[in-house]
Amino acid sequence: MRMRKVVLAALLAAGLSSVTLGVEPAAATTFRYAFQGDLNSLDPYTLNETFSLGALANVYEGLTRRDENLKIVPALAESWEIVDPLKWRFHLRKGVKFHNGEDFTADDVVFSAERVRLPGSELATRLPADAKVVKVDDHTVDFVLASPNPILNAEWDSWSIMSKSWAEANGATKPQPQTGKELNNFALKANGTGPFVIVSHEPGVKTVYKPFAGWWDKANKKHNVDEVVFTTIKSPATRVAALLSGEVDLIEPVPVQDMKRIQDNPTTDVLTGPELRTIHFFMDQKRDELLYSNVKGKNPFKDVRVRKAFMEAIDIEAIKSKVMRNLAVPSALMISPLLYSRGAEFKRLAYDPADAKKLLAEAGYPDGFELTMHCPNDRYVNDEAICQAATSMLARIGVKVTLQAQPKAQFFGRAGPAGGYDTSFGMLGWTPSSFDSFNILQNNAGCRDEKGNGGPFNYGGYCNPKVDELAKQVLVETNAAKRDALIYDAFKILIDEVAFIPLHQQALAWGVSKKVKIPQRADNSIIFAWAQKQD
Amino acid sequence: MAETPDPDAGFAAAILRRFAAIAESHLLYSFTRSWVVMIAAVFAVTIIAAALAAQWIAPTNPLDLASLDLMDSRLPPAWMEGGDPRFLIGTDDQGRDLLSALLYGAQMSIGISLAAVGVAILLGVTLGLISGYFGGLFDTLIMRAADVQLTFPAILTALLVNGAARALLGDQRLQGGEFWVLVVSIGLAFWVQYARTVRASTLQERHRDYVQAARLIGVPSWKILTGHVLPNVLGPVTVIATINLALAIITEATLSFLGVGLPPSHPSLGTLVRVGNDFLMSGEWWIVFFPGVVLAGLALAVNILGDWLREALNPKLR
């Protein structure tokens, strides 16, 4: 088939004596993939979201990275040692070059450590706020801590190291904030040390990557592609059609209703696995009056009975079987049971609309109240449909919810730290990037101020000093059993107080062309360096 | 028809007389001669009547979220295997009865379209009358603005106005006001045709003796315009209005399909097609099929009626 095409092309080229025919390289292998949402800012500190971080992890690298089984392995740091509990020393890799040809040195690490903690960065918790980063020599950096932290580098795979001189030359010394407003010029460019270079980027439309010839890690270059093209295809049906017709090689997520069709199609397949992300509803428990509700002068969510009523109103089994077509595991906890040894000991509050009504009446809302719900509509599997289902379930206990589903850029820009948590009730999914419970206790359950200092992804602003205290102990505890017990205590409080309404862990589902071989990591990252495509 | 203008005719009287004339006119005759037109009329009238009566004939109220049961979601039409007799043409992904949603949705779509055409007529006819009658700088300005707008497709104008309204009002204040935003944005997209047609007719009428006579005896301009000129330029307006109604239905559906129209909890033909679109590949065809058929059928029927009206009213085509 291919032979015939080549011969034909050659004949045509000869016959027409045209210069344009036949000059196209015969074996340009392009790997194309499509996601439901946008890749917006290329600044790796703008958005703490698995998809954007994963897309940029092909361009930028951290001091560490994770292997196929999510184990932490060295990357830009060749090795590290804990000199004493308050001092970690990292030995940087020599001979690493940024895409613009500059050498990677300790100055870049010091610069990145400062930049990642500036206002506008959503990744500030990658480093303790009081940690000092000291350059020892060009290839050695010390991290001096104020208190011990055994999991200091657990999330550093997604803390990208940026070039100091490039950032200064491009006006990128401050991070691009996720406000849903216009991007700075530098946020449309990228200069990392990773295996791929971004050749062109149109936010929300298309991003083209090419391999970086000067990548240091020859051993890990397992791909055979000459180009990677990412496009946003929002409509599920269009995304499936694009995969079936061969227009793209990988789609994510696969609409649950089309899984069978993709499996039955001879040229495509569905890759599934458990995902680590927990989808949950958050409730504003911080403000004295909700921003978007008809209840004035008080905040109904400050009453645990109201939160409990909301949770009891959600028929999780119906969502699982009807909206998710059984491709989800209902969750009692904010963390996947795969990531916490004692996760199975917790039970979800049962679905009980009658009791929910009673609780609402006891709390002083016998006729319910009105409320606006904010949800993303292109981030998680069936996000909008789940929120819609929730509005009708809540309607049955008398709570009239107006749903506002938005694309993720607007949603995160409003409901997240950059927008000042401009929401009362809504949906968020969270994967602890350290794959550890402490991440949840810190990011989702830690007390925060209006700007998000403390627990930046605690959209609802839940706050219990006891949980914060337990989190502190969890951070420094080294005995596994004792640590798990502390985590248990903290989770118990979160569940008893219904700090969140955890829904489920969605199943990971990629639709993949059979021409493509690519490992599916449980954190849902698409790693180009491992992509193999045959023609 | 409008060949013998009566200088004393009031606006309402002129309309009444015109309707009376229709009965024995060529209009009714040509209507009975074409079966395509008759089918279209029956179809359009049925859909519109059913939609207007949605509150009384729909089996459930799709706006009442509390009545939805997720366990009923995506049931096929009643005659198929797995169908439920409660849901004649099946349910959507939220367990909403599709028939009820369709009736309410058609009502919403027709309501928006009628109101939008009303806005367009009001704006277009007023501007057309003024610029045709007075001429001058105002005329130049209006007509150049109309020329510029004509270079854009109507849907683009509607999207632009819609986007601007959303940006100005903000999501929160917009809530509940989506209906009017749609009406205004579609209305603003369609005024040009009316303005141009009315202006052209007004230019002709202005020089007629009855207008000149009225001016001579000192009738104020606004009275001449509304009392004398307007009734005589309305003929073409009715034709454009009918054809525009079909376009407005499609524009509303397009906007709602694109997600900038009504919120998903308020069915309109466009939002129903948008929801169904997600299930196009998965065998649950009824979610998109029925709203799609109604949308296409309604637009086609109204269009055929408009075409017939144009031909019947145009003496040159007789």
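**Close-up 1. The contact between chains A and B in the predicted model.** On the side of chain A that touches chain B, at least two residues each are supplied by helix H5 (236-244), helix H8 (316-323), helix H10 (383-395) and strand E15 (400-406) of chain A. The largest share of that side, 6 residues, is contributed by H10(A). Sorted by class, the side of chain A that touches chain B holds 12 nonpolar, 7 polar and 5 charged residues.

**Close-up 2. An open sheet of 4 strands in chain A.** The strands follow the order E4-E5-E7-E6 (chain A), and their pairing is antiparallel. Because strand E4 (77-84) and strand E6 (132-137) of chain A stand at the edges with a single partner strand each, one side of each is left without a neighbour in the sheet. From one strand to the next, the twist averages 20 degrees.

**Close-up 3. The pairing of strands E5 and E7 of chain A.** Strand E5 (residues 87-92) of chain A and strand E7 (residues 140-144) of chain A run antiparallel and are joined by 5 bridges. Within this pairing, Lys87(A) has Val144(A), in E7(A), as its bridge partner.

**Close-up 4. Helix H3 of chain A packed on the sheet.** Helix H3 (residues 106-115) of chain A touches E5, E6 and E7 of chain A, and the direction of helix H3 makes about 175 degrees with that of E6(A). Of the strands touched by this helix, E6 of chain A is an edge strand of the sheet.

Terms used:
Residues are numbered from 1 along each chain as its sequence is written. Chains are lettered from A and ligands numbered from 1 in the order in which they are written. This is a predicted model: local features need pLDDT of at least 70, side-chain atom pairs count only at pLDDT 80 or more; totals for chains, interfaces and linings use all residues. Two strands pair if DSSP finds at least two bridges between them. Axes are lines fitted to C-alpha atoms, for helices over the stretch in contact, and angles run from 0 to 180 degrees between N-to-C directions. Two residues are in contact if their C-beta atoms, placed from the backbone, lie within 7 Å. Ala, Val, Leu, Ile, Met, Phe, Trp, Tyr, Cys and Pro count as nonpolar, Asp, Glu, Lys and Arg as charged, and the others, Gly among them, as polar.
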